[in-house]
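This report describes a protein chain and its ligand for a reader who is new to structures. Please look at the sequence and the model before reading on.

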Amino acid sequence: NSHPLALSVGVTLDRYIMHRQMAFPYASGDLSQLLRDIALAGKIIHREVNRAGLIDLTGEMGVENVQGESQQKLDMIADIRFYRALRNGGEACAIISEEEEEIIHTGNDNGKYVVAIDPLDGSSNIDVNVSIGTIFSIYRRTTPVGSKATLDDFMQGGRKQVAAGYILYGSSTIMVYTTGHSVNGFTYDASLGEFILSHPDMRSPADGQIYSYNDGYLPEFPDGVQHYLSECRKRRYSARYIGSLVADFHRNLIKGGIYLYPATKKNPEGKLRLLYEAYPLAFIAERAGCLAVSQEHSILDIDPVSLHQRTPLFIGSQTMVEELVSTNSRQP
Ligand code: AHM
Ligand code: MG
């Protein structure tokens with residue numbers, strides 16, 4: 001904080017992380033390094049996302065890809081890229097990923113952190129040039145350093161996250177994260193190969209006029225949720241649904257709005273995953289002045305029971321989420 005200018009708009013992510021670390025003289029710097037590794041994976045995925053269409057068209061581009069991964073789906077490529085960045089970085093001892101059934105050990109048993117990721121979320125948008133995103137959540141491990149990480153390291157609950165963030169590959173690529181204090185957004189300048197602080201101390205408007213949900217499932221939503229949505233319509237709020245959670249969340253965070261994915265017949269537990277979709281976005285949401293609930297309780301207070309468990313998710317501007325919760329609780 002003795003260098004106020006160092007943290008203003010335009011500084012690189014690396015410099016920002018370095019200055020934040022200096023504010024905590026006893027910090028080892030491991031978390032800083034881990035965040036840099038994640039940013040590196042983000043840059044690589046940005047590159048893959050941006051040339052994905054070409055790889056499909058011209059088998060030749062794929063030849064450059066020495067691992068023979070050119071024919072793989074982009075979400076699998078992202079998963080591999082993430083794994084490698086975290087393995088090579090050395091700070092994460094284990095990962096769980098939407099793309100992998102079990103815990104993945106990186107071989108860095110001395111790493112202090114575990115990371116839960118959805119390497120490329122928004123699968124229905126991948127092949128059609130629509131925004132997609134990466135979501136990540138970081139915990140300090142509870143098992144002894146030097147041993148193999150276990151399920152327990154990932155089952156600490158949302159409030160134990162030490163950092164969480166997302167990378168949105170949209171009209172530009174932006175990484176937004178928090179270590180539990182402020183929420184900051186860094187836009188990627190591909191010509192420099194750097195993330196640049198563009199959205200310092202993000203605070204969401206307390207109220208909003210945008211609602212985001214899949215209208216095809218509306219008849220299956222709980223009555224209270226349907227009632228709330230009919231109120232939104234009466235007030236002529238704007239309906240905006242991209243079908244990429246990161247993109248819908250990011251827009252609502254900036255402009256004010258609510259995202260809803262309740263339980264449906266097809267997904268009686270809800271669709272979204274607690275550990276690497278709902279928890280990290282809820283952690284960011286609360287730090288930015290938003291709310292994130294599953295029915296009436298905070299997402300962050302849900303007890304985790306399994307790696308890939310799902311949850312209904314209602315997330316966004318405080319006033320909107322509060323009104324939804326109270327409407328929902330009044331319905332029989
Ligand atoms: P995915 O992990 O298979 O990509 O699914 C998660 C996505 C979210 O990004 C998005 O908000 C939601 O699923 C859309 O689901 P639906 O197509 O049912 O509306
Ligand atoms: Mg996903």
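## The six-stranded sheet

Six strands make up an open sheet with mixed pairing, in the order E10-E9-E11-E16-E13-E14. Its edge strands are E10 (238-239) and E14 (297-298), each of which pairs on one side only. Helices (H or I, at least four residues) and strands (E, at least two) are DSSP runs, numbered from the N terminus. Two strands pair if DSSP finds at least two bridges between them. Strand E9 (residues 210-212) and E11 run parallel and are joined by two bridges. Ser212 has Tyr259 in E11 as its bridge partner.

This is a predicted model, in which local features need pLDDT of at least 70, side-chain atom pairs count only at pLDDT 80 or more, and totals for chains, interfaces and linings use all residues. Residues are numbered from 1 along each chain as its sequence is written, while chains are lettered from A and ligands numbered from 1 in the order in which they are written.

## The eight-stranded sheet

Eight strands form an open sheet in the order E2-E1-E3-E4-E5-E6-E7-E8, and the pairing is mixed. The edge strands here are E2 and E8 (194-199), which each pair on one side only. Helix H7 packs on this sheet and touches E3, E4, E5 and E6, with a direction about 100 degrees from that of E5. Two residues are in contact if their C-beta atoms, placed from the backbone, lie within 7 Å. Axes are lines fitted to C-alpha atoms, for helices over the stretch in contact, and angles run from 0 to 180 degrees between N-to-C directions.

Strands of a sheet pair through backbone hydrogen bonds, either parallel or antiparallel. E1 pairs with E3 in the parallel sense over five bridges, and Ala94 stands opposite Val114 in E3. E1 and E2 (residues 104-105) run antiparallel and are joined by two bridges; Ile95 stands opposite Ile104 in E2. These two strands, E1 and E2, form a hairpin with six residues between them. E3 and E4 run antiparallel with seven bridges, and Ile117 has Phe136 in E4 as its partner. E4 also pairs with E5 (residues 163-169), in the antiparallel sense over seven bridges, with Thr134 opposite Ile167 in E5. Further along, five bridges join E6 (residues 173-178) to E7 (residues 183-189), which run antiparallel.

## Buried strands

Which strands are covered by the rest of the structure? Strand E1 (residues 92-97) is largely enclosed because six of its six residues are buried. Strand E4 (residues 132-140) is mostly covered, with eight of its nine residues buried. A residue is buried if 20 or more other C-beta atoms lie within 10 Å of its own, exposed if 12 or fewer, and partly exposed in between; C-beta atoms are placed from the backbone.

## A helix that meets both sheets

Helix H8 (residues 274-287) lies across E1, E3, E4, E5, E6 and E7, and runs at about 80 degrees to E4. H8 also lies across E13 (290-294) and E16 (313-317), at about 145 degrees to E13.

## Annotated positions

The unreviewed UniProt entry has a "binding site" annotation that covers Asp121, Gly122, Ser123, Ser124, Asn214, Tyr241, Tyr259, Leu260, Tyr261 and Lys271. UniProt positions are given in the numbering used here, feature names are shortened, and annotations may be inferred rather than shown by experiment.

Is Leu260 buried or exposed? Leu260 lies in strand E11 (residues 258-261) and is buried, because 25 other C-beta atoms lie within 10 Å. Leu260 touches Ser212, Tyr213, Val225 and Phe314, not counting residues up to four places away in sequence. Lys271 lies in the loop between E11 and strand E12 (272-273). Lys271 is partly exposed, with 18 other C-beta atoms within 10 Å.
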